[in-house]
Amino acid sequence: MNISLEIKSISSSETYPIRHEVLRVGRPIESCKFDGDEQTETIHYGAFENNNLVGVISCFLANGCHFYTGKNYQIRGLAIQGYLQQKGYGKALMLHAENFLRQINCNTIWLNARTNVNQFYTKLDYIEIGAAFEVPLIGKHQCFFKKINL
Amino acid sequence: MNAYRIILFLFIINTSGVSIAQKKSLSKNEIILLTGQGTPTLYGQGYDLIKEAADAYIKMKVAAVKDGFELKVVSSYRSFDRQLAIWNRKFEINSKEGMDPLENIKKITEYSTIPGTSRHHWGTEIDLISAQPKVDGDVLLANLFEGEGPYAALKSWMDANANSYGFFLAYPKDSLRKGFQYEPWHYSYKPKSKYFLKNYLTIDLKNIFLSHEILGKEIFDEKFIQEYKEEYILGISSKIKG
């Protein structure tokens with residue numbers, strides 16, 4: 001069977017079911033709403049496999065971590081449905097978002113990753129910065145960044 | 001003493017009045033920039049625009065992507081030398097096909113400008129398509145933006161949204177408009193370009209043309225240049241004239 005993956009922009013509420021299933025298991029659906037989801041500058045992308053939404057990613061215009069000058073975007077809520085993980089869909093979403101953010105003159109992309117998936121980001125040329133830290137109820141995190149425009 | 005003050009006061013009013021009425025004359029550097037011969041500071045990844053236009057374009061691009069349109073700029077800032085290369089190449093091709101210089105120039109100016117007169121020199125103009133669907137070959141054809149064309153949906157989105165970001169079609173479909181053909185892809189960032197146009201109109205174009213190797217320039221006499229200004233340079237949407 002031919003599988004076609006298509007990446008399209010989606011609304012914030014379309015991200016909730018997948019965020020819930022993958023990132024907020026067993027917690028109320030409200031926990032899937034992120035501050036800034038509805039901001040004009042925020043962009044949500046969905047990965048569609050044969051027209052079914054199977055993965056999501058969100059990009060927020062935000063300073064933080066170690067980035068306070070220039071135009072910086074934080075990536076949050078990258079999630080792929082469990083049975084489809086390890087197929088490169090996460091990478092496809094990351095690259096799609098990066099490509100768009102590069103075109104809108106974003107200087108740095110940064111994100112807080114769970115330390116158990118560090119390798120995923122280092123393979124995409126993200127660089128660790130600062131010490132790992134604990135996020136209550138979720139676990140240990142590490143900040144990563146990538147400069148995409150000087 | 002009081003009388004002196006009054007006279008001084010009147011003098012100030014008078015001189016300021018004169019300076020407003022006088023045509024502002026441009027600096028050499030401004031002329032160089034407006035004719036594409038300078039080195040403006042440009043912004044953008046995959047496009048080159050002056051700061052204000054780039055910032056507005058980015059806002060529009062983010063809004064468009066949320067509605068499912070991936071905006072793609074196929075042409076933005078263009079230098080004098082680039083326009084000269086385009087012009088001379090077209091002129092040579094047309095000459096080989098046997099066109100006389102006037103015919104040749106009429107043909108080129110259906111879509112292309114004489115070097116030094118392109119709005120693309122200003123860093124405020126974009127030729128815009130959408131990245132999807134993919135189109136093979138020439139993407140800047142009016143029929144692609146109409147009816148069932150691949151860019152018709154983009155055109156509708158731009159019709160509804162572009163103006164609110166400051167972008168306006170420079171050469172819209174308008175039977176009263178003279179000069180260049182309808183260009184459904186060419187948008188101008190009006191908040192800056194309207195001032196550039198005003199300044200541009202004060203430039204002595206003959207000097208610019210004479211000092212460059214533009215093929216067919218022997219045709220550019222005073223009368224030709226005057227008509228070119230009125231019909232082509234001013235053959236733009238009334239919405240961007242100021």
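Trainee: As I understand it, a residue is buried if 20 or more other C-beta atoms, placed from the backbone, lie within 10 Å of its own, exposed if 12 or fewer do, and partly exposed in between. Is Leu34(B) buried or exposed?

Mentor: Leu34(B) is buried, because 23 other C-beta atoms lie within 10 Å. Before going on, note that this is a predicted model, in which local features need a pLDDT of at least 70 and side-chain atom pairs count only at pLDDT 80 or more, while totals for chains, interfaces and linings use all residues. Residues are numbered from 1 along each chain as its sequence is written, and chains are lettered from A, and ligands numbered from 1, in the order in which they are written.

Trainee: Where is Leu34(B) found, and which residues does Leu34(B) touch?

Mentor: Leu34(B) is found in helix α2 (residues 28-34) of chain B, where helices (H or I, at least four residues) and strands (E, at least two) are DSSP runs numbered from the N terminus. Not counting residues up to four places away in sequence, Leu34(B) touches His121(B), Trp122(B), Phe196(B), Asn199(B), Tyr200(B) and Ile203(B), a contact being two C-beta atoms, placed from the backbone, within 7 Å. The C-alpha atoms of Leu34(B) and Gly123(B) are separated by 9.3 Å, although the two residues are 89 apart along the chain.

Trainee: What is the order of the strands in the chain B sheet?

Mentor: The sheet is open, with 4 strands in the order β1-β2-β4-β3 and antiparallel pairing, where two strands pair if DSSP finds at least two bridges between them. β1 (71-75) and β3 (167-169) of chain B each have a single partner strand and stand at the edges, so one side of each is left without a neighbour in the sheet. Ignoring direction, neighbouring strands of this sheet are turned by 45° against each other on average.

Trainee: Which helix packs on that sheet?

Mentor: Helix α7 (residues 190-200) of chain B does, touching β3 and β4 (186-189) of chain B, and its direction makes about 85° with that of β4(B). Such angles run from 0 to 180 degrees between the N-to-C directions of axes, which are lines fitted to C-alpha atoms, for helices over the stretch in contact. Within the sheet, β1(B) and strand β2 (residues 125-130) of chain B are joined by 4 bridges, and Lys72(B) stands opposite Ile129(B) in β2(B).

Trainee: And which residues are buried in helix α6 of chain B?

Mentor: In α6(B), residues 152-161, the buried ones are Leu154(B), Lys155(B) and Met158(B). They cover an arc of only 100° around the axis, taken from the directions from the helix axis to the C-beta atoms, which puts them on the same side of α6(B). Ser156(B), Asp159(B) and Ala160(B) are exposed on the other side, and what covers the buried residues includes β2 of chain B.

Trainee: How many bridges join β2(A) to β3(A)?

Mentor: There are 7 bridges between strand β2 (residues 43-49) and strand β3 (residues 52-61) of chain A, which run antiparallel, and Phe48(A) stands opposite Leu53(A). Their hairpin has 2 residues between the strands, and Asn50(A) takes a positive phi near 45° there. β3(A) also pairs in the antiparallel sense with strand β4 (residues 72-80) of chain A, over 6 bridges.

Trainee: How many residues of each chain are in contact with the other?

Mentor: The contact takes in 10 residues of chain A and 11 residues of chain B. β1 (5-10) and α2 (89-103) of chain A each supply at least two residues of the side of chain A that touches chain B, and α2(A) gives the most, with 3 residues. The predictor gives the complex an ipTM of 0.77 and a pTM of 0.83.

Trainee: What about pLDDT in chain B?

Mentor: Chain B averages a pLDDT of 92, and 90% of the residues score at least 70, pLDDT being the predictor's confidence in each residue, from 0 to 100. Over residues 12-22 of chain B, however, pLDDT stays under 50, and the model has 0 contacts beyond four places in sequence for them. Where pLDDT is low, the predicted coordinates should not be read in detail.
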